[in-house]
Amino acid sequence: MKKTKLGLLLLSFIAVFAMVAGSFAPVVHAAGEKVYEIGTDETFAPFEFQNKDGELVGIDMDILKAIAKDQDFKYKVKPLGFNAAVQALSSNQVDGVIAGMSITDERKQKFDFSDPYFESGVVMAIKKGDDAISSYKDLKGKKVAVKTGTEGYAFADANKDKYGYTLVPFDDSASMYADVRTGNSAACFDDYPVLAYGVKQGNGLDIVTDKEKGNSYGFAVNKGQNQELLTKFSAGLANIKASGEYKKIVDTYIGSNEAQKSFWDILVESMPALLLGLWYTIKLTLISLVFAAILGLVFGFLKVSRNKLLRGIATVYVDIFRGIPLIVLAFFIYFGIPEAMGFKMDATVAAVITLSLNAGAYITEIIRGGIQAVDKGQMEAGRSLGLPYGKTMLKIILPQAVRVMIPSFINQFVITLKDTSIMSVIGLVELTQSGKIIIARTFESSTVWLIVAIMYLIVITALTKLSNVMERRVNND
């Protein structure tokens with residue numbers, strides 16, 4: 001019962017901390033004028049993706065820009081990924097979403113949609129040159145790759161029993177296409193414009209079916225909210241269609257064709273974005289570990305306290321934040337708490353809180369283990385000399401414990417650095433997400449992931465060497 005109360009108290013503390021931190025998030029509303037925050041994907045070419053200069057472009061982005069100019073309103077785009085963007089809209093973290101979002105009866109129950117701005121449809125694609133599959137009937141007993149939350153997923157799911165295949169879900173189109181290219185899945189289903197664009201960019205697939213009649217894409221806001229924005233979007237859409245600008249935008253992306261690029265071309269083109277992502281990864285890791293170290297010190301000392309209540313508080317903290325998967329904790333802090341308490345939180349703030357709480361729990365155990373690794377006679381000797389408990393801990397126990405802790409601290413640094421990749425689910429563009437964004441544009445999965453892996457390897461190897469040097473110096477002192 002006590003642990004339950006302590007757990008509730010700890011979660012309440014997180015909520016207050018998150019709300020205070022969220023209040024320091026960047027303000028995007030200029031004085032006297034409304035600036036709408038629009039959530040979107042960034043790996044859904046040709047509707048939204050980053051070009052080689054790091055600019056977010058695509059059919060959706062150009063349509064939104066044209067409508068905003070026509071209707072004279074300001075906006076700020078928040079690239080989050082499709083699933084995260086929809087959750088951000090539900091929790092009022094953004095005012096609207098434009099991300100190739102199909103208008104369905106189920107979604108209409110929760111969101112209000114604009115007039116349709118694109119008529120889509122589902123097609124099936126297979127690995128280029130694969131003659132074994134030419135229709136849905138050939139999929140029996142095979143695996144089919146799909147992207148979660150899309151019309152292609154809904155179509156594949158509705159017909160899986162009829163044609164006897166199983167689904168393999170992915171969060172982005174590039175990963176789905178790669179699964180088909182490598183032969184893990186026999187085919188994939190996706191929206192026609194997305195697959196057609198990918199084929200022309202050399203994604204290694206061929207479309208083998210006619211387009212199935214599908215749903216329309218629409219701009220979405222929360223049910224009953226931001227109706228003025230919705231009205232402006234539909235009015236602006238009608239105007240740019242009438243002027244011919246809409247057709248010009250669509251024709252710019254559907255049917256474009258780029259030549260295949262070499263490994264070195266991709267390396268040179270991608271390196272600025274990847275280095276920026278790496279820097280953000282390191283910065284996020286360092287900031288999070290500073291807070292994690294503070295939490296670890298506090299709860300670590302509580303863990304070895306002679307007070308049973310304090311030890312219980314530390315135990316609850318460790319049990320909660322080592323027991324909750326990091327991705328679930330990120331969603332809870334970024335989406336759950338703001339929605340429940342009615343405020344907006346910056347994604348970077350949410351990521352720092354998430355990583356700090358998680359790493360802090362592990363550092364707590366590192367500190368506890370280091371202190372308890374020191375022979376109990378050391379404490380007894382210090383006390384027998386008349387030193388108080390705190391001074392004995394500070395002057396005698398901790399210097400010895402640090403020698404034991406150093407390798408574990410460096411190891412936790414490496415783990416937290418790799419854990420930053422999970423924060424891409426709430427829209428942070430660190431090293432892994434930078435790789436996904438480049439793949440969404442180039443469809444060169446193997447090349448880009450090789451470069452990303454090498455970059456992680458270099459950084460982590462350097463940290464390991466640093467750990468060895470520090471350990472030797474401490475032990476030699």
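Helices (H or I, at least four residues) and strands (E, at least two) are DSSP runs, numbered from the N terminus. The structure is a predicted model, in which local features need pLDDT of at least 70 and side-chain atom pairs count only at pLDDT 80 or more, while totals for chains, interfaces and linings use all residues. Residues are numbered from 1 along each chain as its sequence is written, and side-chain values use heavy atoms, with hydrogens and water left out.

The chain holds 17 helices and 14 strands. Thr285 is found in helix α10 (residues 263-303). Burial was assigned from relative accessible area: buried means under 20%, exposed over 50%, and partly exposed in between (1.4 Å probe, protein chains only). Of the 477 residues of the chain, 51% count as buried. Thr285 is buried, with a relative accessible area of 0%. Contact means heavy atoms within 4.5 Å. Leaving aside neighbours within four places in sequence, Thr285 is in contact with Phe413, Thr416, Leu417 and Thr420. Thr285 and Thr420 are 135 residues apart along the chain. Their C-alpha atoms are separated by 7.0 Å.

Met455 is buried, at 8% relative accessible area. Residues up to four places away in sequence are not counted; Met455 then touches Met271, Leu274, Leu275, Leu278 and Leu431. The C-alpha atoms of Met455 and Leu274 are separated by 8.8 Å. Along the chain, these two residues are 181 residues apart. Over the chain, contacts between residues at least 6 apart in sequence were also examined. Of these, 75% join residues at least 24 apart.

Helix packing was described by axes and angles. Axes are lines fitted to C-alpha atoms, for helices over the stretch in contact, and angles run from 0 to 180 degrees between N-to-C directions. Helix α3 (residues 82-90) and helix α12 (residues 326-341) pack at an angle of about 20 degrees. Their axes are 9 Å apart. Angles under 35 degrees count as roughly parallel, over 145 as roughly antiparallel, 65 to 115 as roughly perpendicular and the rest as oblique. Helices α3 and α12 are therefore roughly parallel to each other. On the α3 side, the contact is made by Ala84, Gln87, Ala88 and Ser90. On the α12 side, Phe331, Phe335 and Glu339 take part. These residues divide into four nonpolar, two polar and one charged. Here Ala, Val, Leu, Ile, Met, Phe, Trp, Tyr, Cys and Pro count as nonpolar, Asp, Glu, Lys and Arg as charged, and the others, Gly among them, as polar.

Helix α6 (residues 173-181) is mostly covered. Seven of its nine residues are buried. They are Ser173, Ala174, Met176, Tyr177, Ala178, Asp179 and Val180. Just after α6, Gly183 takes a positive phi of about 90 degrees.

Aromatic rings were examined next. Rings of Phe, Tyr and Trp (its six-membered ring) pair if their centres lie within 6.5 Å; planes under 30 degrees apart count as stacked, over 60 as edge-to-face and the rest as tilted. The count by this rule comes to 20 aromatic pairs. The rings of Phe49 and Tyr253 have centres 6.2 Å apart and planes at 90 degrees, so this pair is edge-to-face. Phe49 is in strand β3 (residues 48-50) and Tyr253 in helix α9 (residues 245-253), 204 residues apart. Both Phe49 and Tyr253 are buried. The rings of Tyr117 and Phe233 have centres 6.2 Å apart and planes at 65 degrees, so this pair is edge-to-face. Tyr117 lies in the loop between β7 (111-113) and β8 (118-127) and Phe233 in helix α8 (residues 227-243), so the pair ties together parts that are 116 residues apart in sequence. Tyr117 and Phe233 are buried. One aromatic cluster is formed by Phe44, Phe47, Tyr117, Phe118, Tyr217, Phe219 and Phe233.

Most residues other than glycine have a negative phi, and most peptide bonds are trans. The peptide bond from Ala45 to Pro46 is cis, with omega near 5 degrees. Pro46 is placed in the loop between β2 (43-44) and β3. Asp72 has a positive phi, near 60 degrees. Asp72 is in the loop between α2 (59-71) and β5 (74-79) and counts as exposed, at 67% relative accessibility. Asn226 has a positive phi near 50 degrees. Asn226 lies in the loop between β14 (220-222) and α8 and is partly exposed, with a relative accessible area of 24%.
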